[in-house]
Amino acid sequence: MIRVRAFRGGCRGREAAQLTSIQAIGRIFCRIERVSQKSTLAHHIDTELVNDLTEAAGVPSSDKHYKGPVCSHNEWDPLEEVIVGRVEGATIPQLTHEVKANTYEKNWPFFKERGGQSFPSLHLLKAQREIEEFCRILTHEGVNVRRPDIIDFRTEYKTPDFTSTGLYAAMPRDVLLVIGDEIFECPMAWRSRFFEYRAYRSLLKEYFKGGAKWTAPPKPQMSDELYDQNYPMTNVEDRHRLAAQGRFVTTEYEPCFDAADFMRAGQDIFVQRSQVTNMMGIEWMRRHLGSQYNVHVLSFIDPNPMHIDATFNIIGPGMVITNPERPCHQISLFEKAGWTIAEAPLPTISDDHPLWLSSKWLSMNVLMLDHQRVVVERSETPIIKLFESLGLTPIRVPMKFAFSLGGGFHCWTCDVRRRGSLQSYL
């Protein structure tokens, strides 16, 4: 099929378009003729021919100079486009083995009694208002905001290995990972998140048609073999001991990882082995990225690691916020490189505020709009003062009801495009 594109604006535009099309078609058929005269299969591979044919199909070529819709190398370059998650359709996860291992015991009755139902409606309404205000502020700051599709995650689904309801499309940072011009649709490790990617497919297809690389790593089966059925749930001392040994609720049965366990700093990618990201998943990413990137595995004194961005959050070139309750075993790597290492102050959120899927340390889960501007919860005065002391400009946004669903500003977003280039910072 040949696609014909109509042009408006006078005969000069039409003539130019027709001439360009004729020249392009001529180049294609000239190369087809040359290819037909070559004798080996290797000679039949003609990159320019493939690029012209993909352009004719409406898909941009992979020209290295092409500026596509997806491009982000780190966590702080000027933000141009971002995906912000949705409250709509959010569903309480069922108390499965992996959910139990990643949540506080005080919240288990909530999951056990209400799993598969919507989160409390009044709380969701307040969270939704916060997210809509967040989107308005981002737009006012010059960022193009995109949103996932609305899906009712209460719908039960069944695979050959398990039956579950869903969770939400609130945290794109957990599902999507952008490295350069490639966007990864990550495999996840919770059964309730198996089909979460569906909320983002409309955007992914659009980005792909615009020239982005779209990669979906192998999807785990999430059968019982992926989870350590004997993993201790209530004994914190045992969890500390097992974490030090590199043992978590997820086994090495198959690769699995959440995007939020990765932190980007140009050519250096930092990742932790956690309750949802195993070494097979890390190795898959290391092999896929190849020699252009250095993948560093970090570990922390943390009995229940899940997602790195409330433990270790890189906020600028050579600048990182660390969690004083979860010190990093490899911190000397950054000290030797001359990085500024700032400890996050204690969060101020009250003990009676519900945090069903997270800890108070979402206070340090901030989003950088560029080297200067940082989006932070408006009530977290201590960390606001820390950012000011570092020469940054805090943008105060209400977020505490959205915190309850398991993420802060970094979690609720996925930066699709930042204006910058690939560099090394170590």
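Predicted model: local features only at pLDDT ≥ 70, side-chain atom pairs only at ≥ 80, totals over all residues.
Visitor: Do S12 and S13 run parallel or antiparallel?
Guide: Strands of a sheet pair through backbone hydrogen bonds, and both directions can occur. Two strands pair if DSSP finds at least two bridges between them. Strand S12 (residues 319-322) is joined to S13 by four bridges, and the two run parallel.

Visitor: What are the edge strands of the open sheet?
Guide: The sheet has three strands in the order S11-S12-S13, with mixed pairing. An edge strand here pairs on one side only, which leaves us with S11 (312-316) and S13 (340-343).

Visitor: Is His 307 buried or exposed?
Guide: His 307 lies in the loop between strand S10 (294-298) and S11. Its contacts (heavy atoms within 4.5 Å) include Asp 174, Arg 193 and Asp 258, not counting residues up to four places away in sequence. Buried means under 20% relative accessible area, exposed over 50%, and partly exposed in between, with a 1.4 Å probe and protein chains only. Because its relative accessible area is 9%, His 307 is buried.

Visitor: How does Glu 283 count?
Guide: Glu 283 lies in helix H9 (residues 279-289); a helix is a DSSP run of H or I with at least four residues. Its relative accessibility is 27%, so Glu 283 counts as partly exposed.

Visitor: How much space lies in the largest cavity?
Guide: A cavity is a set of points on a 1 Å grid over the protein atoms alone where a 1.4 Å probe fits but cannot get out. Points are joined across faces, edges and corners, and the volume is the space filled by probe spheres set on them. The structure holds two cavities of 30 Å³ or more. In the largest, the space is about 60 Å³.

Visitor: Which strand gives the most to the lining of the largest cavity?
Guide: Lining residues have an atom within 4 Å of a point, and among them here are Leu 176, Leu 177 and Val 178. S5 (176-179), S8 (262-265) and S17 (413-418) each supply at least two. With three residues, the strand that gives the most is S5.

How values were computed. Residues numbered from 1 in each chain as written. Heavy atoms only, no water. 1 Å grid on protein atoms, 1.4 Å probe; cavity = no way out; pocket = protein on both sides within 12 Å on 5 of 7 lines; lining within 4 Å.
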